Amino acid sequence: DAHALDALLVGALLVLYLPSAVPHLHSARQTVSRTFAPRDGAQFASLSSFKTTNSRLGGLMTRVLGPRPRVRFVATAPREFGAMRDGAGVDFERLQLSIESIEHAGGGLKGGASGAFLFPSQDGQLVVKTLSTEEAAALRKLAPSFARHFHDQPASYINRFLGQFSMYLYGRTIHFVVLRSAFHLHGDVSPAVRYDLKGSWVNRTGKPGQSVLKDNDLRRDGLRRVRASLDDCEKIPIKLPAAQYAKLIARLEADTAFLRDLNLMDYSLLLGVFDSPPPAAAISGQPKGAEETVLQHGGGVMLLGVIDVLQAWTCEKVGERCLKTYVKGDKPQGISAAPAGEYQQRFMSFVAEVFAPDESPASARTRLLEAGKELLPGNLRSLLEIRPPTRGPER
(Lines give C-alpha, C1' and ligand atoms only; values in the text may rest on other atoms or scores of the structure.)
Protein backbone atom coordinates (compact mmCIF):
# COMPACT_ATOMS: atom_id res chain seq x y z
CA ASP A 1 0.00 0.00 0.00
CA ALA A 2 1.00 3.67 -0.08
CA HIS A 3 2.43 3.69 3.46
CA ALA A 4 4.61 0.65 2.86
CA LEU A 5 5.78 2.18 -0.42
CA ASP A 6 6.84 5.40 1.31
CA ALA A 7 8.67 3.36 3.92
CA LEU A 8 10.49 1.41 1.22
CA LEU A 9 11.49 4.58 -0.60
CA VAL A 10 12.95 6.15 2.51
CA GLY A 11 14.89 3.04 3.44
CA ALA A 12 16.51 3.17 0.01
CA LEU A 13 17.41 6.85 0.38
CA LEU A 14 19.60 6.29 3.42
CA VAL A 15 21.40 3.44 1.68
CA LEU A 16 22.03 5.73 -1.27
CA TYR A 17 23.47 8.55 0.76
CA LEU A 18 25.63 6.46 3.10
CA PRO A 19 26.47 3.28 1.18
CA SER A 20 29.67 2.65 3.12
CA ALA A 21 28.47 3.68 6.58
CA VAL A 22 25.06 2.03 6.62
CA PRO A 23 25.29 -1.26 4.73
CA HIS A 24 22.50 -3.05 6.60
CA LEU A 25 19.18 -1.22 6.85
CA HIS A 26 16.70 -4.06 6.96
CA SER A 27 15.81 -3.33 10.58
CA ALA A 28 15.63 0.39 9.81
CA ARG A 29 13.13 -0.24 7.03
CA GLN A 30 11.03 -2.32 9.42
CA THR A 31 11.06 0.57 11.89
CA VAL A 32 10.01 2.94 9.12
CA SER A 33 7.10 0.69 8.16
CA ARG A 34 5.86 0.48 11.76
CA THR A 35 6.03 4.17 12.62
CA PHE A 36 4.91 5.94 9.45
CA ALA A 37 1.85 8.18 9.90
CA PRO A 38 -0.05 9.34 6.76
CA ARG A 39 0.03 13.09 7.33
CA ASP A 40 1.97 15.91 5.77
CA GLY A 41 5.37 16.40 7.38
CA ALA A 42 5.05 13.17 9.36
CA GLN A 43 8.23 11.92 10.95
CA PHE A 44 8.20 8.23 10.19
CA ALA A 45 11.69 7.10 11.13
CA SER A 46 14.06 8.02 13.90
CA LEU A 47 17.18 5.92 14.24
CA SER A 48 19.29 6.58 17.32
CA SER A 49 22.13 4.26 16.34
CA PHE A 50 23.39 2.09 13.52
CA LYS A 51 26.16 -0.39 12.90
CA THR A 52 28.99 -0.22 10.39
CA THR A 53 31.11 -3.02 9.01
CA ASN A 54 34.13 -0.70 8.91
CA SER A 55 35.45 -0.33 12.46
CA ARG A 56 37.79 2.56 11.56
CA LEU A 57 34.95 4.47 9.93
CA GLY A 58 32.67 3.68 12.87
CA GLY A 59 35.26 4.97 15.35
CA LEU A 60 35.74 8.18 13.36
CA MET A 61 32.00 8.79 13.20
CA THR A 62 31.69 8.22 16.94
CA ARG A 63 34.45 10.73 17.69
CA VAL A 64 33.04 13.37 15.33
CA LEU A 65 29.32 12.88 15.80
CA GLY A 66 29.05 11.33 19.23
CA PRO A 67 28.04 7.78 20.11
CA ARG A 68 24.37 8.09 19.14
CA PRO A 69 23.92 9.97 15.84
CA ARG A 70 20.26 10.55 14.97
CA VAL A 71 18.62 10.18 11.59
CA ARG A 72 15.07 11.41 10.95
CA PHE A 73 12.93 11.08 7.85
CA VAL A 74 9.97 13.25 6.92
CA ALA A 75 7.42 12.53 4.19
CA THR A 76 6.04 15.52 2.31
CA ALA A 77 2.42 15.59 1.08
CA PRO A 78 2.00 11.79 1.16
CA ARG A 79 -1.62 11.93 -0.03
CA GLU A 80 -0.80 14.03 -3.07
CA PHE A 81 2.19 11.93 -4.06
CA GLY A 82 0.17 8.77 -3.43
CA ALA A 83 -2.42 10.08 -5.90
CA MET A 84 0.34 10.74 -8.43
CA ARG A 85 1.64 7.19 -8.07
CA ASP A 86 -1.85 5.77 -8.49
CA GLY A 87 -2.45 7.90 -11.58
CA ALA A 88 0.86 6.79 -13.06
CA GLY A 89 -0.13 3.14 -12.66
CA VAL A 90 2.78 2.43 -10.34
CA ASP A 91 2.83 -1.19 -9.24
CA PHE A 92 4.17 -1.73 -5.70
CA GLU A 93 6.01 -4.99 -6.40
CA ARG A 94 7.66 -3.66 -9.52
CA LEU A 95 8.67 -0.43 -7.82
CA GLN A 96 10.13 -2.42 -4.95
CA LEU A 97 12.41 -4.21 -7.41
CA SER A 98 13.43 -0.86 -8.92
CA ILE A 99 14.32 0.56 -5.51
CA GLU A 100 16.33 -2.49 -4.56
CA SER A 101 18.32 -2.13 -7.79
CA ILE A 102 19.18 1.45 -6.76
CA GLU A 103 20.49 0.15 -3.44
CA HIS A 104 22.74 -2.33 -5.19
CA ALA A 105 23.98 0.25 -7.70
CA GLY A 106 25.86 2.37 -5.13
CA GLY A 107 26.72 6.04 -5.63
CA GLY A 108 24.98 8.63 -7.73
CA LEU A 109 25.68 10.77 -10.75
CA LYS A 110 26.11 14.53 -10.55
CA GLY A 111 23.80 16.11 -13.08
CA GLY A 112 23.09 19.53 -14.53
CA ALA A 113 24.04 23.06 -13.56
CA SER A 114 22.14 22.71 -10.28
CA GLY A 115 24.69 20.27 -8.89
CA ALA A 116 21.98 17.77 -7.93
CA PHE A 117 22.87 14.12 -7.51
CA LEU A 118 20.90 11.53 -9.48
CA PHE A 119 20.53 7.88 -8.49
CA PRO A 120 18.97 5.93 -11.41
CA SER A 121 17.61 2.45 -10.86
CA GLN A 122 19.28 -0.29 -12.84
CA ASP A 123 16.00 -1.33 -14.44
CA GLY A 124 15.47 2.17 -15.84
CA GLN A 125 12.13 2.74 -14.06
CA LEU A 126 12.91 5.57 -11.66
CA VAL A 127 15.44 8.14 -10.49
CA VAL A 128 16.13 9.51 -7.01
CA LYS A 129 17.28 13.13 -7.19
CA THR A 130 18.51 15.48 -4.50
CA LEU A 131 16.74 18.84 -4.24
CA SER A 132 17.89 22.24 -3.10
CA THR A 133 16.03 23.81 -0.19
CA GLU A 134 14.24 26.14 -2.61
CA GLU A 135 13.22 23.29 -4.92
CA ALA A 136 11.97 21.22 -1.98
CA ALA A 137 9.85 24.12 -0.70
CA ALA A 138 8.46 24.73 -4.21
CA LEU A 139 7.52 21.09 -4.73
CA ARG A 140 5.86 20.87 -1.34
CA LYS A 141 3.76 23.94 -2.14
CA LEU A 142 2.91 22.82 -5.68
CA ALA A 143 2.26 19.11 -5.02
CA PRO A 144 -1.57 19.53 -5.00
CA SER A 145 -1.41 21.42 -8.32
CA PHE A 146 0.74 18.73 -9.94
CA ALA A 147 -1.57 16.00 -8.62
CA ARG A 148 -4.58 17.74 -10.22
CA HIS A 149 -2.74 18.27 -13.50
CA PHE A 150 -1.70 14.64 -13.76
CA HIS A 151 -5.29 13.60 -12.98
CA ASP A 152 -6.66 15.87 -15.71
CA GLN A 153 -3.85 15.08 -18.18
CA PRO A 154 -3.00 11.37 -17.74
CA ALA A 155 -0.81 11.43 -20.88
CA SER A 156 1.13 14.52 -19.72
CA TYR A 157 4.78 14.67 -20.76
CA ILE A 158 5.83 16.17 -17.41
CA ASN A 159 8.00 13.73 -15.51
CA ARG A 160 5.97 12.07 -12.73
CA PHE A 161 6.82 12.70 -9.08
CA LEU A 162 6.45 9.54 -6.99
CA GLY A 163 7.44 10.87 -3.58
CA GLN A 164 9.23 13.68 -1.74
CA PHE A 165 11.23 13.21 1.46
CA SER A 166 13.57 15.05 3.79
CA MET A 167 16.33 13.36 5.76
CA TYR A 168 17.84 15.03 8.84
CA LEU A 169 21.33 13.64 9.15
CA TYR A 170 24.38 14.88 11.12
CA GLY A 171 22.81 18.31 11.59
CA ARG A 172 22.06 18.67 7.88
CA THR A 173 18.79 18.47 5.99
CA ILE A 174 18.89 16.54 2.72
CA HIS A 175 15.90 16.73 0.39
CA PHE A 176 15.03 14.01 -2.13
CA VAL A 177 12.43 13.46 -4.79
CA VAL A 178 11.66 10.10 -6.40
CA LEU A 179 10.85 10.46 -10.11
CA ARG A 180 9.67 8.07 -12.75
CA SER A 181 12.25 7.96 -15.53
CA ALA A 182 11.23 9.78 -18.71
CA PHE A 183 12.32 6.63 -20.59
CA HIS A 184 10.71 4.11 -18.24
CA LEU A 185 8.80 2.41 -21.07
CA HIS A 186 12.11 1.15 -22.46
CA GLY A 187 13.27 -0.27 -19.13
CA ASP A 188 17.02 -0.70 -18.83
CA VAL A 189 17.64 0.03 -22.55
CA SER A 190 19.47 3.35 -22.86
CA PRO A 191 18.70 5.67 -25.78
CA ALA A 192 21.19 5.71 -28.64
CA VAL A 193 21.07 9.52 -28.53
CA ARG A 194 19.76 11.86 -25.83
CA TYR A 195 18.85 15.56 -26.23
CA ASP A 196 18.15 18.21 -23.58
CA LEU A 197 16.16 20.98 -25.31
CA LYS A 198 15.03 24.36 -23.97
CA GLY A 199 14.52 26.46 -27.10
CA SER A 200 17.34 28.88 -26.20
CA TRP A 201 20.75 29.03 -27.85
CA VAL A 202 23.19 30.79 -25.48
CA ASN A 203 25.45 28.08 -23.98
CA ARG A 204 23.20 25.40 -25.48
CA THR A 205 25.82 23.26 -27.26
CA GLY A 206 26.86 19.85 -25.97
CA LYS A 207 30.49 19.59 -24.88
CA PRO A 208 32.81 16.88 -26.20
CA GLY A 209 32.57 13.78 -24.08
CA GLN A 210 29.14 14.62 -22.69
CA SER A 211 26.39 12.06 -23.18
CA VAL A 212 23.66 14.66 -23.76
CA LEU A 213 23.30 16.86 -26.85
CA LYS A 214 21.54 20.21 -26.79
CA ASP A 215 19.57 22.71 -28.87
CA ASN A 216 22.41 23.98 -31.07
CA ASP A 217 23.52 20.43 -31.86
CA LEU A 218 20.05 19.59 -33.11
CA ARG A 219 19.78 22.82 -35.10
CA ARG A 220 23.20 22.35 -36.69
CA ASP A 221 23.39 18.61 -37.34
CA GLY A 222 19.79 17.44 -37.26
CA LEU A 223 18.54 14.42 -35.34
CA ARG A 224 21.30 11.87 -34.85
CA ARG A 225 20.75 8.14 -34.86
CA VAL A 226 24.14 7.42 -33.28
CA ARG A 227 25.72 9.72 -30.67
CA ALA A 228 29.25 9.70 -32.13
CA SER A 229 28.34 9.78 -35.84
CA LEU A 230 27.00 12.42 -38.22
CA ASP A 231 26.53 9.95 -41.08
CA ASP A 232 22.85 9.29 -40.39
CA CYS A 233 21.27 12.59 -39.39
CA GLU A 234 17.84 13.92 -40.31
CA LYS A 235 17.54 17.67 -40.64
CA ILE A 236 14.74 19.31 -38.71
CA PRO A 237 11.80 19.59 -38.84
CA ILE A 238 11.19 15.93 -38.13
CA LYS A 239 8.06 14.82 -39.93
CA LEU A 240 5.42 13.04 -37.86
CA PRO A 241 2.02 11.67 -38.88
CA ALA A 242 -0.44 14.56 -38.70
CA ALA A 243 -2.58 13.00 -35.96
CA GLN A 244 0.48 12.21 -33.84
CA TYR A 245 1.84 15.72 -34.34
CA ALA A 246 -1.46 17.29 -33.30
CA LYS A 247 -1.57 15.28 -30.07
CA LEU A 248 2.07 16.10 -29.32
CA ILE A 249 1.50 19.84 -29.70
CA ALA A 250 -1.78 19.79 -27.75
CA ARG A 251 -0.24 17.95 -24.80
CA LEU A 252 2.88 20.08 -24.67
CA GLU A 253 0.72 23.21 -24.90
CA ALA A 254 -1.33 22.01 -21.92
CA ASP A 255 1.81 21.09 -19.93
CA THR A 256 3.70 24.30 -20.60
CA ALA A 257 0.62 26.49 -20.01
CA PHE A 258 0.24 24.75 -16.63
CA LEU A 259 3.90 25.47 -15.79
CA ARG A 260 3.56 29.07 -17.00
CA ASP A 261 0.57 29.64 -14.72
CA LEU A 262 2.71 28.46 -11.80
CA ASN A 263 5.46 30.93 -12.80
CA LEU A 264 7.82 28.04 -13.62
CA MET A 265 10.51 28.17 -16.31
CA ASP A 266 13.91 26.74 -17.28
CA TYR A 267 12.45 23.26 -17.86
CA SER A 268 13.71 21.01 -20.66
CA LEU A 269 12.30 18.64 -23.22
CA LEU A 270 14.29 15.42 -22.81
CA LEU A 271 14.28 13.49 -26.10
CA GLY A 272 15.65 9.97 -26.42
CA VAL A 273 16.20 8.20 -29.75
CA PHE A 274 15.84 4.40 -29.64
CA ASP A 275 16.47 1.78 -32.30
CA SER A 276 13.31 -0.18 -31.54
CA PRO A 277 9.90 0.40 -29.94
CA PRO A 278 9.28 -0.38 -26.26
CA PRO A 279 8.03 -3.88 -25.39
CA ALA A 280 4.27 -4.21 -25.79
CA ALA A 281 4.00 -5.48 -22.22
CA ALA A 282 5.57 -2.25 -20.91
CA ILE A 283 2.93 -0.14 -22.63
CA SER A 284 -0.04 -2.34 -21.77
CA GLY A 285 0.50 -1.80 -18.05
CA GLN A 286 0.43 2.01 -18.34
CA PRO A 287 -2.51 4.41 -17.98
CA LYS A 288 -4.65 5.19 -21.02
CA GLY A 289 -2.83 7.33 -23.58
CA ALA A 290 0.69 6.22 -22.62
CA GLU A 291 1.18 4.49 -25.98
CA GLU A 292 0.60 7.81 -27.73
CA THR A 293 3.67 9.32 -26.03
CA VAL A 294 5.87 6.99 -28.11
CA LEU A 295 6.70 8.73 -31.39
CA GLN A 296 7.23 6.22 -34.19
CA HIS A 297 9.81 7.50 -36.62
CA GLY A 298 12.11 6.09 -39.29
CA GLY A 299 12.12 2.50 -38.12
CA GLY A 300 12.84 3.54 -34.51
CA VAL A 301 11.08 5.55 -31.85
CA MET A 302 11.51 8.73 -29.83
CA LEU A 303 10.47 9.08 -26.20
CA LEU A 304 9.91 12.51 -24.68
CA GLY A 305 9.62 13.97 -21.20
CA VAL A 306 9.46 17.47 -19.72
CA ILE A 307 11.98 17.54 -16.87
CA ASP A 308 13.44 19.96 -14.28
CA VAL A 309 10.13 21.77 -13.78
CA LEU A 310 10.65 23.33 -10.33
CA GLN A 311 12.56 26.51 -11.22
CA ALA A 312 10.49 29.66 -10.71
CA TRP A 313 11.12 33.07 -12.28
CA THR A 314 12.82 34.70 -9.29
CA CYS A 315 15.03 37.70 -8.54
CA GLU A 316 18.03 35.40 -8.91
CA LYS A 317 16.97 34.49 -12.45
CA VAL A 318 16.33 38.17 -13.24
CA GLY A 319 19.90 38.89 -12.12
CA GLU A 320 21.26 36.04 -14.25
CA ARG A 321 19.48 37.43 -17.32
CA CYS A 322 20.76 40.96 -16.69
CA LEU A 323 24.34 39.73 -16.18
CA LYS A 324 24.37 37.78 -19.44
CA THR A 325 22.68 40.61 -21.35
CA TYR A 326 24.55 43.70 -20.11
CA VAL A 327 27.90 42.25 -19.01
CA LYS A 328 28.47 39.35 -21.41
CA GLY A 329 26.58 40.93 -24.30
CA ASP A 330 24.34 37.93 -25.05
CA LYS A 331 21.06 38.49 -26.85
CA PRO A 332 18.23 38.24 -24.30
CA GLN A 333 16.10 36.21 -26.73
CA GLY A 334 18.64 33.39 -26.60
CA ILE A 335 19.22 33.26 -22.84
CA SER A 336 17.54 30.37 -21.01
CA ALA A 337 16.57 32.58 -18.06
CA ALA A 338 13.33 34.27 -19.15
CA PRO A 339 9.95 35.12 -17.60
CA ALA A 340 7.60 32.16 -17.46
CA GLY A 341 5.29 33.41 -20.22
CA GLU A 342 8.15 34.29 -22.58
CA TYR A 343 9.87 31.01 -21.79
CA GLN A 344 6.75 29.02 -22.63
CA GLN A 345 6.25 30.80 -25.96
CA ARG A 346 9.87 30.28 -27.00
CA PHE A 347 9.78 26.65 -25.90
CA MET A 348 6.68 25.88 -27.98
CA SER A 349 8.08 27.80 -30.97
CA PHE A 350 11.16 25.59 -30.83
CA VAL A 351 9.00 22.45 -30.62
CA ALA A 352 7.25 23.63 -33.80
CA GLU A 353 10.70 24.14 -35.33
CA VAL A 354 11.79 20.60 -34.43
CA PHE A 355 8.61 18.74 -35.41
CA ALA A 356 6.19 19.18 -38.30
CA PRO A 357 3.16 17.28 -39.63
CA ASP A 358 3.77 14.99 -42.59
CA GLU A 359 1.59 16.32 -45.40
CA SER A 360 2.86 13.96 -48.10
CA PRO A 361 0.32 12.05 -50.29
CA ALA A 362 1.26 8.78 -48.58
CA SER A 363 0.55 10.31 -45.19
CA ALA A 364 -2.79 11.65 -46.46
CA ARG A 365 -3.77 8.13 -47.58
CA THR A 366 -2.84 6.81 -44.15
CA ARG A 367 -5.02 9.44 -42.45
CA LEU A 368 -7.93 8.56 -44.75
CA LEU A 369 -7.50 4.88 -43.97
CA GLU A 370 -7.46 5.56 -40.21
CA ALA A 371 -10.58 7.72 -40.50
CA GLY A 372 -12.35 4.97 -42.42
CA LYS A 373 -11.41 2.38 -39.82
CA GLU A 374 -12.95 4.50 -37.07
CA LEU A 375 -16.29 4.42 -38.89
CA LEU A 376 -16.42 0.63 -38.98
CA PRO A 377 -17.47 -1.74 -36.21
CA GLY A 378 -14.53 -3.16 -34.32
CA ASN A 379 -14.86 -6.63 -35.85
CA LEU A 380 -14.58 -5.18 -39.37
CA ARG A 381 -11.65 -2.82 -38.89
CA SER A 382 -9.16 -5.57 -39.57
CA LEU A 383 -10.43 -5.69 -43.17
CA LEU A 384 -8.68 -2.39 -43.84
CA GLU A 385 -5.38 -3.40 -42.35
CA ILE A 386 -2.56 -3.36 -44.90
CA ARG A 387 -0.52 -6.52 -44.70
CA PRO A 388 2.44 -7.52 -46.87
CA PRO A 389 1.72 -10.49 -49.12
CA THR A 390 2.85 -13.81 -47.71
CA ARG A 391 5.26 -15.91 -49.71
CA GLY A 392 4.75 -19.58 -50.21
CA PRO A 393 7.45 -22.15 -49.63
CA GLU A 394 10.30 -22.02 -52.09
CA ARG A 395 10.58 -24.90 -54.50
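**A first look around**

In helix α8, the buried residues are A242, Q244, Y245, L248, I249, R251, L252, D255, T256, A257, F258 and L259. Keep in mind that this is a predicted model, with a pLDDT that averages 76 over the chain.

**How confident is the model?**

- Of the residues, 65% score a pLDDT of at least 70.
- Among the elements of the chain, helix α11 (residues 340-354) comes out with the highest mean pLDDT, 97, while helix α2 (residues 26-35) has the lowest, 36.
- Over residues 18-58 the pLDDT stays under 50, and the model gives this stretch 84 contacts beyond four places in sequence.
- Residues 60-65 also have a pLDDT below 50, with seven contacts in the model beyond near neighbours in sequence.

**Helix α8**

- After α8 comes N263, which has a positive phi, near 65 degrees.

**Aromatic rings**

- Searching the whole structure turns up six aromatic pairs.
- One of them is F146 with F150: the ring centres are 6.1 Å apart and the planes sit at 35 degrees, so this pair is tilted.
- F146 and F150 are four residues apart in helix α6 (residues 133-152), which means about one helical turn separates them.
- Both F146 and F150 are buried.
- For F183 and F274, the centres are 5.6 Å apart and the planes are at 80 degrees, so the pair is edge-to-face.
- That pair links distant parts of the chain, 91 residues apart: F183 is in the loop between β7 (172-180) and β8 (193-197), and F274 is in strand β13 (residues 268-274).
- Buried or exposed? F183 counts as buried, at 5% relative accessibility, and F274 counts as buried too, at 3%.
- There is also an aromatic cluster, made up of F146, F150, F161 and F258.

**Nonpolar cores**

- The largest nonpolar core has 54 residues, and the members that touch the most others are F146, F161, L259, M302, V306, V309 and F355.
- Helix α6 supplies the largest share of this core, seven residues.
- Leaving out residues up to four places away in sequence, L259 touches F146, I158, L264, Y267, V306 and V309.
- A second, separate core has 14 residues, including F119, L126, F176 and V178.

**A serine in a loop: S121**

- You'll find S121 in the loop between β4 (116-120) and β5 (126-131).
- S121 is buried, because its relative accessible area is 6%, under the 20% cut-off.
- What does S121 touch, not counting residues up to four places away in sequence? The list is S98, S101, I102 and L126.
- The C-alpha atoms of S121 and I102 are separated by 4.5 Å, although these residues are 19 residues apart along the chain.
- The side chains of S121 and D123 are joined by a polar contact of 2.7 Å.
- A polar atom of the S121 side chain also lies 3.2 Å from the backbone nitrogen of Q125.

Conventions: Residues are numbered from 1 along each chain as its sequence is written. Side-chain values use heavy atoms; hydrogens and water are left out. Buried means under 20% relative accessible area, exposed over 50%, partly exposed in between (1.4 Å probe, protein chains only). Helices (H or I, at least four residues) and strands (E, at least two) are DSSP runs, numbered from the N terminus. pLDDT is the predictor's confidence in each residue, from 0 to 100. Contact means heavy atoms within 4.5 Å. Rings of Phe, Tyr and Trp (its six-membered ring) pair if their centres lie within 6.5 Å; planes under 30 degrees apart count as stacked, over 60 as edge-to-face and the rest as tilted. A polar contact is a pair of N or O atoms within 3.5 Å; within protein, one must be able to donate a hydrogen and the other to accept it, and residues adjacent in sequence count only if both atoms are side-chain atoms. A nonpolar core is a set of buried Ala, Val, Leu, Ile, Met, Phe, Trp, Tyr and Cys residues joined through side-chain atoms within 4.5 Å.
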